[in-house]
Amino acid sequence: MPNFRARLLSVLVILCGFLTVAGTPTATATAVPDSLPFDGTALTVSGGRFVDATGREVVLRGYNVSGETKLAENKGLPFASVADAKKSATALRALGGGNSVRFLLSWAYAEPVRGRVDTAYLAAATDQMRAFLDVGIRVYPDFHQDLYSRYLFDPDSWYTGDGAPQWAVELGDYPDESCGVCLFWGQNITQNGAVRAAQHDFWHNAHGLQDSFLAMAQQTMAYVRQHLTPEQFAGVIGFDPYNEPFAGTYDSGQTSRTWERDLLWPFYVKFRSRMDAAGWQDKPALVEPNLFWNANLDFQKHEGGLLDAGTLGSRYVLNTHFYDQKAISGLFMWGKAADGQYVTDFGTVRDRAAAAGTTAVVSEFGHPLAGTVSDKAPTVLKAMYQALDSRVKGAGWWTDPAASGPVLSGNQWQWDIYHGRHHELMNGNPDKVLTTGDAWNDEDLSAVRLDDAGNATLRQDARLLDRVYPSATSGTTLAFTYEDRSRDGSTTLTWNPVPGSLPNVAQLVGSGQYGLLVWRSNGTAAPTELHLPASFPTASTTVVSDLGTVHGPPAYTSTTRIAAAPEPGGTGSRRLLLSAPDSGAVHYALVTNGATAPSASLLAAARSELSAWAARELG
């Protein structure tokens, strides 16, 4: 940004009162390594999809960064240093296959004194956010809270919270916190009187709490925008205003649906206005319905989904979470997850977003990786990723691909490089130092940790996490599936085998992993992109498409129809690029790592089978 424009912007910001301290971006505008001309443009919402400036449909996949923000050990920041943030970002791209993160922020640390935003905290958070943006990872910040605030909890409590600052808690005359007989920390949401009363106060703006939150949020957003370069700010997707909202207590005659209509939605409208005032007018608010709107236990479900908000359109995204409470309970689901376990649950998300005229993101999903129900994790997570990819289970996908629906964006909970290496004084108690797991309410969900040499390493099967997915589609996705062949112990899980009616495709894939995308082009010149996992080395990747067949795709050029290239960021991650600049045509591409030096005749036969199948099912 030229110096004159930067000074002018600073003056305008001060005059408008957006910030307590004005400044200019601390980073210079440097290109993200390995970027191509069509990379790095800002996303908008159009036609019920995320789209980039070239008109490509974009799918976001990645993780939450991170539960560390809930803790005091790094003062409400995801990382102890920018160096750690860079290490995490590189690993998330190279090992986890992610192109986006939900970046957690803390109200308690952003506004430790009422009316006074801590710009040192905002500066540190922005620096850490920049570490992800600079390797091509898109970011959406989230003001996180669970159980309203840690300051509701006694030093010797079994539980803790995060979110609101101490001064906000001191304004309320809340009862001594107690969950009674609780097996899981989440029961505090509905059973702990202090938590319920504090939540109720926030949503009713008691003591001006909501007003203070909104003012703090506006200052935070303005600070972030001002201290990122325009290129970096283009990588910021939008903002998640409030994690897992719940009424606390319903007023007399009030229902969960009317609470959403009369209290939650007006809050989002106010937050949206604050976004506009802070210079985020071209970015969507990623708004969460009532926490329990899509619970998969009937006795937990509360009607909702922002049903009375009307058309959300381009300025809002339906943002929701999904955890299998049946599986987590250890009581309501005895076995493991199976093929198609969650296609109905995630289908509900697709349907609600479509009815609201917007797109959706599942900003949290996951399962415990330690404890009595951790044996379910490999199948639960496979089934969740399967449901993000398609609303048709594997056994029926090849015969009904047209019912797949849009590919959902999602961010797994969570990506905490400090897993198992914490030093957290729970509720400030020096006699309760937490070091294991996620160091928060006995959770253990991080997909990553640091080994003894300080290197990031996965805690889950790489075949499950680092996946083929259509990161950008030049047109409209008609169908997509990915068979990851992930493992449950020593058992390889294959839920979507190639059918015997396609013998040459089945021979080509063999026992390998494969993905298949079918799309209708829209005349976009930029290519369709599929993320290539580390298990798909370029030299041993085979592509069969109506665009051609290739084993070992060549390097990308603007005239190469099927090619491979690094993903932006310089992390070593790669992508498959498929160029089809026509409009209205149905295209398909199967990518697999199962073939070793396939013959030209096998490739041609597989292509013939897939062409006939695509014409029959989706033509």
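Me: Why is Glu617 called partly exposed?

Reply: Its relative accessible area is 25%. Buried means under 20%, exposed over 50%, and partly exposed lies in between (1.4 Å probe, protein chains only), so Glu617 counts as partly exposed. Bear in mind that this is a predicted model, where local features need pLDDT of at least 70, side-chain atom pairs count only at pLDDT 80 or more, and totals for chains, interfaces and linings use all residues. Residues are numbered from 1 along each chain as its sequence is written, and side-chain values use heavy atoms, with hydrogens and water left out.

Me: And what makes Arg616 buried or exposed?

Reply: Arg616 has a relative accessible area of 55%, so it goes down as exposed.

Me: How do you know that Glu617 and Arg616 form a salt bridge?

Reply: The test is a side-chain nitrogen of Lys or Arg within 4 Å of a carboxyl oxygen of Asp or Glu. For Glu617 and Arg616 the N to O distance is 3.6 Å, so the pair passes as a salt bridge.

Me: How many salt bridges turn up in the whole structure?

Reply: The search finds 28. One of them pairs Arg102 with Glu288, with the closest N and O atoms 3.1 Å apart. Arg102 sits in strand β5 (residues 100-105) and Glu288 in the loop between β7 (285-287) and β8 (316-322), so this pair ties together parts 186 residues apart in sequence. Strands here are DSSP runs (E, at least two residues) and helices likewise (H or I, at least four), numbered from the N terminus. Arg102 and Glu288 are both buried.

Me: Why is Ser157 called buried?

Reply: Its relative accessibility is 6%, so Ser157 counts as buried. Ser157 is in the loop between β6 and α5, and touches Glu177, Met426, Asn427 and Lys432, leaving out residues up to four places away in sequence.

Me: What makes α8 roughly parallel to α10?

Reply: The axes of α8 (residues 209-227) and α10 (residues 256-277) cross at roughly 30 degrees and come within 9 Å. Axes are lines fitted to C-alpha atoms, for helices over the stretch in contact, with angles from 0 to 180 degrees between N-to-C directions. Under 35 degrees counts as roughly parallel, over 145 as roughly antiparallel, 65 to 115 as roughly perpendicular, and the rest as oblique, so α8 is roughly parallel to α10.

Me: Why is α4 called oblique to α8?

Reply: Helix α4 (residues 119-133) packs against α8 at about 50 degrees, with the axes 10 Å apart. That angle falls in the remaining class, so α4 is oblique to α8.

How values were computed:
Contact = heavy atoms within 4.5 Å.
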